[in-house]
Amino acid sequence: MEYIFKANNLTKTYKRFTALNGLSMNIKRGSIYGFVGKNGAGKTTLIRLLTGLQKPTSGTYELFGKDLSDPTLIKERRRIGAVVETPALYKDMTARDNLIQQYLMLGLPSFAGLDDLLKLVGLADTGKKKVRNFSLGMRQRLGLAVALCGDPDFIILDEPTNGLDPQGIIEIRELILKLNREKGITFLISSHILDELSRLATDYGFIDSGRIVKEMSAEELRNECRKSVRMKVSDTKILAKIMDDMGIEYSVLNESYADVYADLNFSKVAEIFAKENCTIFTMEERDESLESFYLSLIGGEEHA
Amino acid sequence: MRRVLYADMFNVFKNKVFQGSIALTVLYPLMEALLFKLIYRFLDAELPGEDVITAYSSIASIVITATIIFLLVNDFSDGAIRNKIINGVKRNHIALSSILTGAIISGLMCMSTCISQTIVIRFLTTGFSSLNPRDVSLYYTAQFAVSIAVGVLMSSIVIVFGGTIIPYFLGLVIAFLFRVANLMVTDKLYPQDGHVMITGMRLLIYNIYDRFCPFSYFTGTLNHPLKDCFIGCGVLIAISILITLPVFKRKELK
């Protein structure tokens, strides 16, 4: 597995406040990594370290396979595009001039792709309108266009849907998915809007109090959050045989527990298990939403 | 670093504040000459070129300071500096590019003033009575060097203190204090009536300030060889850069 970013035991303290506390995480190449955490959990601090705006107090990370101490890491940063907190835009310039500015800064040889970029983010018809007069949503889209200059391999977006209307959110989401699928761009998207992230992310990292409490793939998360029946039985091997015969999807958790993904007729199931000489101790319906799963990860209702 | 400087200059030329500042440096000598001409007409006298050539220098440090600080502070607050770091530009290059941008802005402001003054003197005054073309060119050269040195200092202040209110406060306080110091030193070293009354260490300090401090050349007269002016400017530029680069390298940005 190739990783774009690997953090190892990162700690960042500001005077007496510890923003990151031994954080370790891995971002796979080609993934859309949903970085989830409440306000103040450490999301933006990690992004600041990753982008080189700040240095960790201790710990290290690798970006594009280069260690933090590697002097050539700075060159690798040219493969990054980012919108950290608010888009970095020149307010007295037009959308086009902002992109020209970014092209010049990156030393790109021509402005050929500039109009395509504006079209891609839906700002092709803004003409001479200054960024100062743009709505928040237009600024977010221009910020994304600036981040896309120079065909980056890795894009970091800090709360990208902030201030966007529902239509804008859909457009940004589809754009991210398109870029990920067609160009293979890896995304790190920090957000606390779980529903929005769940429509995008292929991998998740849940952060709380400066630590990653759980990293998982979207599939693992879907399984966690699927409607299921958790069964405690005397023998999960027999359970597996019965479910295979019935054509029902299931996952064995250990020797006693298994999750079954179907609406079960309890009496019928009990009858079949009795025939197979397998005892059902408990059956519990589980229907966990993404939010409740997240809350359970970061310590329950105190965060609700 | 060239590409960063190129991008910075693109931003500066598009900026309304810079365009306004250049317009001010062009119009100020003209407006002042017209005002003086009116006063001289009441006094039934002709306007000499010497009164126009020194006009802008009295406000130069404040105008340069305000323009540079405004432009560069915006780079910090708009996230432009942050964006450069994210995109893998070396911090030294970012700082040097900002310092060079400040120097170019102040140099351009000085040049536009000199051109405007020359045109105004040619058409609205009787010309110079005490200055020859060599004196004028030496004076303009000194003003240009001093403007660049002050531009570098103000850029450095912004880079060290970032996009906060501190650069505005500190920059304008420095410009104001040196303006007061200039008046004090001029009054003591070049009294209107009588002799120089200060002696010893005080005289030495005043002399050093007058010879080597770039701000002292904003008094409107060139009292020392150009070499002294260059030494003062060179020292100020070197100190500014030597302090700024390591501070910015360690600076934590948000």
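**Entry 1: a surface patch on chain B**

I began with a nonpolar surface patch of about 510 Å² on chain B, made by Ile62(B), Leu172(B), Phe176(B), Leu177(B), Val180(B) and Met184(B). I note here that this is a predicted model. I checked Leu177(B) by itself and found its place in H8(B).

**Entry 2: where the chains meet**

I turned to the contact between the two chains. I found 28 residues from chain B and 32 residues from chain A taking part. The size of an interface is often given as the accessible area lost when the parts come together. I looked that up too: chain B and chain A bury about 2,700 Å² between them. Carbon and sulfur atoms hold 52% of that area.

**Entry 3: polar and charged pairs across the contact**

How many salt bridges run between chain B and chain A? I counted three. I picked out Lys14(B), which forms a salt bridge with Asp97(A). Their closest N and O atoms are 3.0 Å apart.

Then I asked which helices of chain B supply at least two residues each to its side of the contact. They are H1(B), residues 2–14, and H5(B), residues 80–86. H1(B) gives the most, with seven residues. I sorted the residues on chain B's side by kind: eight are nonpolar, six polar and 14 charged.

**Entry 4: salt bridges over all chains**

I widened the count to all chains and reached 18 salt bridges. Side chains of opposite charge can pair when their charged atoms come close. I looked at Glu2(A) and Arg29(A), a salt bridge with its closest N and O atoms 3.0 Å apart. Glu2(A) sits in the segment before strand S1(A) (3–14), and Arg29(A) in the loop between S2(A) (17–28) and S3(A) (32–36), so the pair ties together parts 27 residues apart in sequence.

**Entry 5: the two ends of a helix in chain A**

Last, I looked at H10(A), residues 266–275. At its start, a side-chain oxygen of Asn265(A) reaches to within 3.3 Å of the backbone nitrogen of Ser267(A). After H10(A) comes Asn277(A), and I noted its positive phi, near 65°.

Technical notes: Residues numbered from 1 in each chain as written. Chains lettered and ligands numbered in written order. Predicted model: local features only at pLDDT ≥ 70, side-chain atom pairs only at ≥ 80, totals over all residues. Heavy atoms only, no water. Contact = heavy atoms within 4.5 Å. Buried area = accessible area lost by both parts, 1.4 Å probe. Salt bridge = Lys/Arg side-chain N within 4 Å of Asp/Glu carboxyl O. Helix = DSSP H or I, 4+ residues; strand = E, 2+ residues; numbered from the N terminus. Nonpolar A, V, L, I, M, F, W, Y, C, P; charged D, E, K, R; others polar. Patch = residues over 30% accessible without salt bridge, like charges linked within 9 Å, V, L, I, M, F, W, Y side chains within 5 Å. Areas by Shrake-Rupley, 256 points an atom, 1.4 Å probe, with all protein chains shown as cover. Polar contact = N/O pair within 3.5 Å; in protein donor to acceptor, adjacent residues only side chain to side chain.
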